[in-house]
Amino acid sequence: MARIKSQHKEIMPPGNTFLIRYLNFLSQRDKWWLVFLHVIILLLAFSFIRCNFFSLIVFKENSAEAIIDQRTSNVATIISMTLAVIGLLLSNLAVKDNLTYKLLFVHSRLYLILYYTLSVIACLITISTLRNTLDIDVFRQMVLAGTYLAVFILLGIGYLFRTIINFASANSIEQILSQKLLDEAKENLKTILLSKYSAEMFLELMTRKNITKYTLRMAMGNTQSQNNSTFQKQYQERLIYDINLLQLEKELAKPKQGTALHFTTPLSLNLVTNEYETFIYPNSGQGKESMQLSNCIKTKKKESRINGSDEYKAYFDSKLNEYAKDGKHSKVEGILSYYHELYLLEMRNGI
């Protein structure tokens, strides 16, 4: 990855801050429980951590009970109006298809904002219900904390509206989709280069150690290879996600009893293979079994393999066919210009 970052800066994504990356994580559709947990933690933190900023607002006696009911009603009204406006805006999108809706949900952080709002409502209702159970000072602090949490809802809804309005323009949607196409191509290039450079580093080590590839001709010439239990044993395919080259070099430097070493296949990261146990062994003509080098290789289930994505490429392919059939030449030229940019990107990065 360091080599990719230094030699292919063009395909590296801009460095997002930890906060942005974490918000992207919370914005996933199935993270509702995590958002709710964060709201609970914030509520307790604002309620029990004394801060001069929080002491600017003081509730008079019996005013907290009225305020908590007002805040609950205010937030419920806001969320109902917000959902109505969102529905109206969604019905007037410039481009209506599954990919556009998916992009809208991701860019607007719709799931995060909705989950946060519903969590705040649940907390406010709980605080209101416990008004006669909690200590009066604790109750007032929790009402104050709930008020601050409700204010954050307005910021989230403002961001939501601003993002959705951008999707009312066909040009804005096209720009976002073309950028996503370029980002998808860059991620695919990173995956290709990861395998390419890791295989090169493995082969460089084999060259330094004078370890040659075991060929079919060698196998045909070794009469004892059929008796080698290593080749007869079948291992389950797994994904190689790390190769400790330093440890592997140390193992290969240990004294061997006079026989040449061979490797069966060039190993690389993100490779699915069953040769993670038997990739280097002495010449089978000497009756030797493979070297035990599994401690130098880390594997996972093959389902964890990083596969290239073609979601946006397939979308533009379908649009290209559609525009060509309808005779929309300007649209066709626009998509071809995107493809030309992708071609240049691959050429500049040696693919």
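Biologist: Which hand does the crossing of H8 and H12 have?

Modeller: H8 and H12 cross in a left-handed way. Left-handed says that the near helix is turned anticlockwise from the far one by less than a right angle, while clockwise would be right-handed.

Biologist: What am I looking at here, and how are the residues counted?

Modeller: It's a predicted model, where local features need pLDDT of at least 70, side-chain atom pairs count only at pLDDT 80 or more, and totals for chains, interfaces and linings use all residues. Numbering runs from 1 along each chain as its sequence is written, and side-chain values use heavy atoms, with hydrogens and water left out.

Biologist: Back to those helices: at what angle do H8 and H12 pack?

Modeller: Helix H8 (residues 170-208) meets helix H12 (residues 311-326) at about 130 degrees, and their axes are 8 Å apart. That angle makes H8 oblique to H12. The names come from DSSP runs numbered from the N terminus: helices are H or I with at least four residues, strands are E with at least two. Axes are lines fitted to C-alpha atoms (for helices, over the stretch in contact), with angles from 0 to 180 degrees between N-to-C directions.

Biologist: How do H4 and H6 lie, roughly parallel or roughly antiparallel?

Modeller: H4 and H6 are roughly antiparallel to each other. Helix H4 (residues 63-91) packs on H6 at about 155 degrees, with 9 Å between the axes. The cut-offs are under 35 degrees for roughly parallel, over 145 for roughly antiparallel, 65 to 115 for roughly perpendicular, and oblique for the rest.

Biologist: And which hand is the crossing of H4 and H6?

Modeller: Left-handed: that's how H4 passes H6.

Biologist: New topic, strands. What's the order in the sheet with S2?

Modeller: S4-S2-S6, an open sheet of 3 strands with antiparallel pairing. Strand S4 (271-273) and strand S6 (297-300) are at the edges with a single partner strand each, so one side of each has no neighbour in the sheet. Neighbouring strands in this sheet are turned by 45 degrees against each other on average, direction ignored.

Biologist: How many bridges does S2 make with S4, and how many with S6?

Modeller: Strand S2 (residues 238-243) pairs with S4 over 3 bridges, in the antiparallel sense. With S6, S2 has 4 bridges, also antiparallel. Two strands count as paired if DSSP finds at least two bridges between them.

Biologist: Is S1 parallel or antiparallel to S3?

Modeller: Parallel: S1 and strand S3 (residues 261-263) pair over 2 bridges. Look for threonine 212, whose bridge partner in S3 is histidine 262.
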